[in-house]
Amino acid sequence: MKTVKLKAPAKVNYRLDVLRRRPDGYHDLRMIMQRIDLCDDVEITLSGNPGVRVTCGRDGVPDGPANIAWRAADALLAISGRGEGLDIAITKNIPVAAGLGGGSSDGATVLMGVNELLGLGLSDERLMEIGVKLGADVPFFIFKRTALAEGIGEKLTAVESMPPAWLVLVNPNLHVSTAWVYQNLQLTARNDDDIIPRFYGKVEDICAILANDLESVTIGKFPVIREIKERLLRAGACGSLMSGSGSTVFGLFVDGAGAKRAAERLAAESGWFVAAVKTL
Ligand code: ATP
């Protein structure tokens, strides 16, 4: 029995601009996306038993075909034309419906893992084309670099110079529906010519671009997000922002010791999910 064991990392958005609503119902976005070392564990085993089976065992995450990992595996099995099956076990460490892209990352990791396991030889570009049909953030996790993401998130340009940083993630155990956030977003006219820099020298340069158009929508429903942002700044972060559609908030730190101290303090003061992580 052939098995691969893989890490599926989370992401944060250093920047999320919603540029316009599109006729197809999606939105054109402009994001700066960064992978971090908080990971789900994904184990994929080739089986003689045809079909795909996904087990996850986490409340709020479906086990069967509704799991994005299931759909990723099924898509590649169909392309391969082979009669084998795949057993996928996911250990979720990334908070769910939290703006950290956990489901998309699991899906991307399964695409890359099954490509390897079945020896399909598909290029990353081809995997990204398959991936965007599963979720707008899937191609970013196949791209594997810090990225400027445009379109619905699938047009990716590498940001080569992003400095490494420490982050403290805080999630107040609130699940946020991304669809709900976009439905409640009041789009304001914005000048999409204002440039996001491509080059960054130090962590403070990242703090200078932090902005998320979805933040005020989620804060409107969950004001605790604003409180967490303020508490991260008081704990020593040089900037703080909600990631994606929330509800995770991150604080940026220039050094690991400061991040770990802040994480310990916030964990002791609250019942929230708190983690000190590093950029990948
Ligand atoms: P999105 O912006 O795509 O909603 P997110 O990072 O906020 O992403 P995810 O943790 O990816 O949130 O989960 C979003 C929803 O996707 C969950 O409510 C869950 O039911 C569903 N889902 C399907 N497969 C997975 C998976 N492998 N891991 C987590 N959630 C999954």
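Hi everyone. Let me start with a term: a molecule sits in a pocket if more than half of its atoms lie within 2 Å of the pocket's grid points. By that rule, the ligand here sits in the largest pocket. And a quick reminder that this is a predicted model.

So, who is around the ligand? There are 17 residues in the shell, and the closest are Lys 92, Gly 99, Gly 101, Gly 103 and Thr 178. Sorted by class, that shell holds eight nonpolar, seven polar and two charged residues. Helix α2, residues 102-117, gives the most to the shell, with three residues.

Lys 92 places a polar side-chain atom 2.9 Å from a nitrogen atom of the ligand. The ligand taken alone exposes 600 Å², and the protein buries 76% of that.

Let's stay with Ala 97 for a moment. Its loop runs between β4 (85-91) and α2, and its phi is positive, near 50 degrees, although the residue is not glycine. Ala 97 counts as partly exposed because its relative accessibility is 35%.

Lys 144 also has a positive phi, near 65 degrees. You'll find Lys 144 in the loop between α4 (138-143) and β5 (147-151), and it is partly exposed at 38% relative accessible area.

Last stop, the backbone again: Gly 246 and Ser 247 are joined by a cis peptide bond, with omega about 10 degrees. Ser 247 belongs to the loop between β9 (239-242) and β10 (249-253). Thanks, everyone!

Notes: Residues are numbered from 1 along each chain as its sequence is written. This is a predicted model: local features need pLDDT of at least 70, side-chain atom pairs count only at pLDDT 80 or more; totals for chains, interfaces and linings use all residues. Side-chain values use heavy atoms; hydrogens and water are left out. A residue is near a molecule or strand if one of its heavy atoms lies within 4 Å of it. A polar contact is a pair of N or O atoms within 3.5 Å; within protein, one must be able to donate a hydrogen and the other to accept it, and residues adjacent in sequence count only if both atoms are side-chain atoms. Accessible areas come from the Shrake-Rupley method with a 1.4 Å probe; for residues, only the protein chains shown count as cover. On a 1 Å grid over the protein atoms alone, a cavity is a set of points where a 1.4 Å probe fits but cannot get out, and a pocket is an open set with protein on both sides within 12 Å along at least five of seven lines; lining residues have an atom within 4 Å of a point. Helices (H or I, at least four residues) and strands (E, at least two) are DSSP runs, numbered from the N terminus. Ala, Val, Leu, Ile, Met, Phe, Trp, Tyr, Cys and Pro count as nonpolar, Asp, Glu, Lys and Arg as charged, and the others, Gly among them, as polar. Buried means under 20% relative accessible area, exposed over 50%, partly exposed in between (1.4 Å probe, protein chains only).
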